[in-house]
Each structure stands twice: as C-alpha cells, then as structure tokens.
Amino acid sequence: MGSDDVPSLVNPLHPSVINRLDPVFAEIYMKYQAFQLRADQVPYEVYNKDREKYTFPTAKVVGSAPSVASNEIYNVPVSNPDGTISVQVYVPTPDAVAKTGLERDGLLPALVNFHGGGFVIGGLDSDEPLCRKICQGVGCIVVNVGYRLAPEYPHPVPATDSWEALKWTFKTSESLKIDKLRLGVGGLSAGAGIAAALALMARDEPSLPPLAAQLLIVPVIDARYIPTEGSCDPEKTPYQSYIDFEFAPMLPLNRLVWFYNLWLGTDESRKAKAEDFRASPIVAPSHANLPPAFIFCAEIDPLNSEGAAYHAKLQQAGVCSNLKVYKGQGHPFNQWDGASPTAKEFVKDCIDGLTAAFSAPVRHG
C-alpha cells in the first residue's frame, strides 16, 4: 500500500499488448486483476491454501444467469484411479423448449460441457452462468462435468474422467430424456481441449453414435511447445501467438507454464505426455469424420494460433469448422458478459451455433 492506501499495481498491462486491447477488456482487467497476484505467480501450495485470494472475481462481471427447470447433481463412478466425480445436469424450462422447438419425441439435444482452468483449477461453478444461458437459449440439456484436477490427478486423468462422463451421458440418455443422436461436447480453454480429444475418441468408439457438435472456446489444442520455464523459442514453435502474446493479460505464457508443469509434469515423461492426442488433439493421426466445430478464439491470447491451426486441420480433413477470433479480447473475455458487449456477442454466437447444429439432420457414422 502507498501513503494514501492506494493498492499497488502488481500486474499492469504490458506495453506489448496495451494498444491492441479492446478498451472495455482493458478497463475490466485494470479494475479487477491489475492489483492482485494470479495463481501462477505463487507456488501451488500457497495458492491452494487461499484460492480466492488469487482468483479473478468473475462474479462481478458475468451476466445474470437465467433460471432453469432443474439442475441436479449426479455422482458418476470413474476409474484410473477409482473414484467418483460430480456431474450437473441442467434442464431447460418448458417455455425455453417451446421457443426453440428442438424437442423430438419427448427428447432434447444435449451439450456435455468441460470447464476451463488449465487442468488445475475450476469446477462445476466455473461455467454455471454459461451452462444456464446455453440451456435456456438453445432449449437443450447441458451436462456439466466436474473432472478431477492436477496436480493430485495429472494427465491423463482429466481426459479419462471426462470420457467416462461422456459415456455415462450416453448410457443414461433415456432416463435424462436426451436425444443421443443430437449430443455435442464443448468447453473453455482446458475444457475445450478435453472436448476436442473426446470428439476424436467418440469417433473411434463403434458403440457410440456420432456426436453432433464440438464447441471449442479459447481452446488448448497442442501442449507440445510450452516450456517448463522461460520463454518460447521463436525458431521452434509453430505458434506465433506464443511469441506475440507472451505477456497477454489474464493468460500470459508464464501461466501456461505453471498449469502445464502441474498437469504434465517436468520430468522425462513430459514429452510423451504432451504428444498424447488426449493432451494435444492436433496430433491425432486423422481428423476426418469429426462433428462440426465452432472454434472461438481471443485475439490477444497465446492460444490463438493453435485454435486457428486446429480449424485449418479440421477443414483439411473435410470437417465443417467455423472459426471466429474476437478482436482485442484476451483470455477469458467470454465470461465477462455482464460488462463486455463482445462477451455478450460471444454468448449469442454459442447459442446460435449449437441451435444450428442441433437442428441439422442427424449425422451417421
């Protein structure tokens, strides 16, 4: 504190990005993040003792979330290692169902959602506002998955937990009144990476019907090029945004380093883990016959380039992919729709994309 008890500016906007940011994004950042440390700026043990101290106050800038008909939590058994995870099922109100007209023979389409947080932080509450908005806006069921997190449960546990949650959703689709022929996956950041990996796994699982959509929001797509410390080598990374936005607000490169070290480790097994398609969906041998993709990236985000690269990879494989990059936005602008017009636009884009996907003719394998 200074002499007038003015908080110290511990995370100012970096000169390399300050003139490229949307003024609204910059204003929100300066008001709520610039004066406090992030989780990646302290050891994990320090963060874990007082998580709220190092967490952005999203509740102050998120838009109001609508009521739904129900939002029951289920305990789903998982293995590798054995345990249970929580899965929250949001069901739209009859008015929302009637408005969008997606009900067929008493069944609704569904989105299985995986939250963000670098595979280390976050939970069911992280995406609750967006889950409610999609549920009511699309008139679909949303299944929100609370997968286990690193470092206690490092790779591949977040992915394997999520895979078992997806299979559980298909298995219980009749009792949940879900149309399993219109089921999509989606998520934010790390959760988007999980969704992309599950789309690949589901394609290759003959017992499952084809997925209807993949909603990939500021996605983690390639874990191979984030170092265990320091900066990226411009000569070795194919992703220019790692270089251009090393000092991006909210998700600078150092935060990715912190997350990936906890998620993938720092020992000799790191390389093999990063080359697993469940960590890096872009390395899968084939991307053919995947569900339509909606890829939403923030411009001022180290992950921007890999999101664009995945869009190109999907298109090359003949998959319908829609890419939108939100100019002047940082990661995760999409959660700030109570204060940002661009974030409101993003929510509408999610609703419109999923509505179109769930209205389309059913895909066949």
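Visitor: Let's start with the rings. How many aromatic pairs does a search of the whole structure find?

Guide: The search turns up 17 aromatic pairs. Keep in mind that this is a predicted model. One of the pairs is Phe56 with Trp336: their ring centres are 5.1 Å apart and their planes sit at 15°, so the pair counts as stacked.

Visitor: Where do Phe56 and Trp336 lie along the chain?

Guide: Phe56 is in the loop between helix 2 (44-49) and strand 1 (70-78), while Trp336 is in the loop between strand 8 and helix 12 (341-359). The pair therefore ties together parts that are 280 residues apart in sequence.

Visitor: And are Phe56 and Trp336 buried or exposed?

Guide: Both Phe56 and Trp336 are buried. They also belong to one aromatic cluster, together with Phe25 and Tyr32.

Visitor: OK, on to helix 1. Which of its residues are buried?

Guide: Helix 1 covers residues 23-32, and its buried residues are Phe25, Ala26, Ile28, Tyr29 and Tyr32. They take up an arc of only 165° around the axis, so they fall on the same side of helix 1.

Visitor: What's on the other side of helix 1?

Guide: There you'll find Pro23, Glu27 and Lys31, which are exposed. As for the buried residues of helix 1, what covers them includes strand 8 (321-330).

Visitor: Zooming out, which residues touch the most other members in the largest nonpolar core?

Guide: Those are Val87, Phe114, Leu166, Tyr260 and Tyr310, in a core of 75 residues. Helix 7 (residues 190-203) gives this core its largest share, with 10 residues. Apart from that core lies another one, of 46 residues, and Leu13, Phe56, Val142 and Phe346 are among them.

Visitor: New topic: Arg255. Is Arg255 buried or exposed?

Guide: Arg255 has 12% relative accessibility, so it counts as buried. You'll find Arg255 in helix 9 (residues 253-264). Setting aside neighbours within four places in sequence, Arg255 is in contact with Arg38, Ala39, Asp40, Ile121 and Met250.

Visitor: I spotted another arginine, Arg148. What does Arg148 lie over?

Guide: Arg148 lies over the face of Tyr153, at 4.8 Å from the ring centre.

Visitor: What about Cys350, is it buried or exposed?

Guide: With a relative accessible area of 1%, Cys350 is buried. Cys350 lies in helix 12. Not counting residues up to four places away in sequence, Cys350 touches Ile134, Leu215, Ile217 and Phe296. Leu215 is 135 residues from Cys350 in sequence, yet the two are 7.7 Å apart from C-alpha to C-alpha.

Visitor: Last thing, the whole chain. How many helices and strands does it have?

Guide: The chain has 12 helices and 8 strands. The C-alpha trace spans about 65 × 45 × 40 Å along its principal axes, and 57% of the 365 residues count as buried.

Key:
Residues numbered from 1 in each chain as written. Predicted model: local features only at pLDDT ≥ 70, side-chain atom pairs only at ≥ 80, totals over all residues. Heavy atoms only, no water. Core = buried A, V, L, I, M, F, W, Y, C linked by side-chain atoms within 4.5 Å. Buried < 20%, exposed > 50% of the residue type's maximum accessible area, 1.4 Å probe, protein only. Helix = DSSP H or I, 4+ residues; strand = E, 2+ residues; numbered from the N terminus. Arc of directions from axis to C-beta. Contact = heavy atoms within 4.5 Å. Phe/Tyr/Trp six-rings, centres within 6.5 Å; stacked < 30°, edge-to-face > 60°. Lys NZ or Arg CZ within 6 Å of the ring centre and 35° of its normal.
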